[in-house]
Amino acid sequence: MSGHTHPCCKIGPSILCADLSCLADECRRMIHSGADYLHLDVMDGHFVPNLTFGHPIVKCLRPKMPDVYFDMHMMVQNPERWVENMADAGANQYTFHVEACDDIPALCRKIQESGMRVGVGLKPGTPVETILPYSDLFDVVLIMTVEPGFGGQRFMEDMMSKVQYLRTNFPDLDIEVDGGVGPSTIDVVAEAGANMIVSGTAITGAADPSQVIALLRNSVENAIQKSQLER
């Protein structure tokens, strides 16, 4: 799995939890509050029951924030259908769900060739072993700690065994966690070895998002430092 040595901490607010009527302003507010990237949930009403937005929104956002890293979480059937559109719209990372994909190597190649980083997502019920045969094709693995498609679910702590397994076996991998992550759950996520933290209402709904982002970052950076000392 490609990545950089000692993956660094990155905090990505989930924009779906923000006020979508003023999306660009909300995105800017998150970046000014210290976010490293923006996590954009694309849902098609098939792979998950909800419907959100697609590449036209991304294309509108890109000129307003030319340097911001857009992490597209593609909760869609036939994820190969949208690769070119998202690349053209200015997305940086394309995270598809392994459960929605018939040919993982072909899709990973397609994403790479389009100039985006390759992310693969696992629903809570999907064992981490599913993706091991393709381990050299990804940049990021996203471990879902809730069922994708609905906000406001309880964080599933038992998913941390997947994170621990990946961190032990792929020390340089970017491991992203999404679902119910906030101040009360960040320590267990950080200790398991995740370095890319997606957080929704805990950040977007906070009186001071910068404070929450700083708290999450502190927890992850402390855990990374501790693990490096133990290596």
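## Two strands side by side

The model we are exploring here is a predicted one. Strand 5 (residues 117-122) and strand 6 (residues 140-144) pair in the parallel sense, and 4 bridges link them.

Next, look at helix 2 (residues 55-64), where Val 58, Leu 61 and Arg 62 are buried. Viewed down the helix axis, the buried residues of helix 2 fall within an arc of 110°, so they line one face. What covers them? The cover includes helix 1 (23-32), strand 2 (38-43), strand 3 (70-75) and helix 3 (83-89). On the face turned away from the buried side, helix 2 carries the exposed residues Cys 60 and Pro 63.

## A gathering of annotated residues

UniProt, in an unreviewed entry, gives the annotation "binding site" to His 39, Asp 41, His 73 and Asp 178. These four span 140 residues in sequence, yet no two of their C-alpha atoms are more than 10.7 Å apart, so they gather at one spot.

Asp 41 lies in strand 2 and is buried, with a relative accessible area of 5%. Its side chain has a polar contact of 3.2 Å with that of His 39. His 73 belongs to strand 3 and is also buried, at a relative accessible area of 0%. The side chains of His 73 and Asp 41 are joined by a polar contact of 3.0 Å. Leaving out residues up to four places away in sequence, His 73 touches several residues, including Thr 95, His 97 and Asp 178.

## A glycine in a loop

The unreviewed UniProt entry also places a "binding site" feature at a set of positions, among them Ser 14, His 73 and Gly 180. Gly 180 sits in the loop between strand 7 (174-178) and helix 6 (186-192). Is Gly 180 buried, exposed or partly exposed? Gly 180 is partly exposed, because its relative accessible area of 42% falls between the 20% and 50% cut-offs. Beyond its neighbours within four places in sequence, Gly 180 is in contact with Val 146, Gln 153, Phe 155 and Thr 185.

How values were computed:
Residues are numbered from 1 along each chain as its sequence is written. This is a predicted model: local features need pLDDT of at least 70, side-chain atom pairs count only at pLDDT 80 or more; totals for chains, interfaces and linings use all residues. Side-chain values use heavy atoms; hydrogens and water are left out. UniProt positions are given in the numbering used here, feature names are shortened, and annotations may be inferred rather than shown by experiment. Buried means under 20% relative accessible area, exposed over 50%, partly exposed in between (1.4 Å probe, protein chains only). Contact means heavy atoms within 4.5 Å. The arc is that of the directions from the helix axis to the C-beta atoms. Two strands pair if DSSP finds at least two bridges between them. A polar contact is a pair of N or O atoms within 3.5 Å; within protein, one must be able to donate a hydrogen and the other to accept it, and residues adjacent in sequence count only if both atoms are side-chain atoms.
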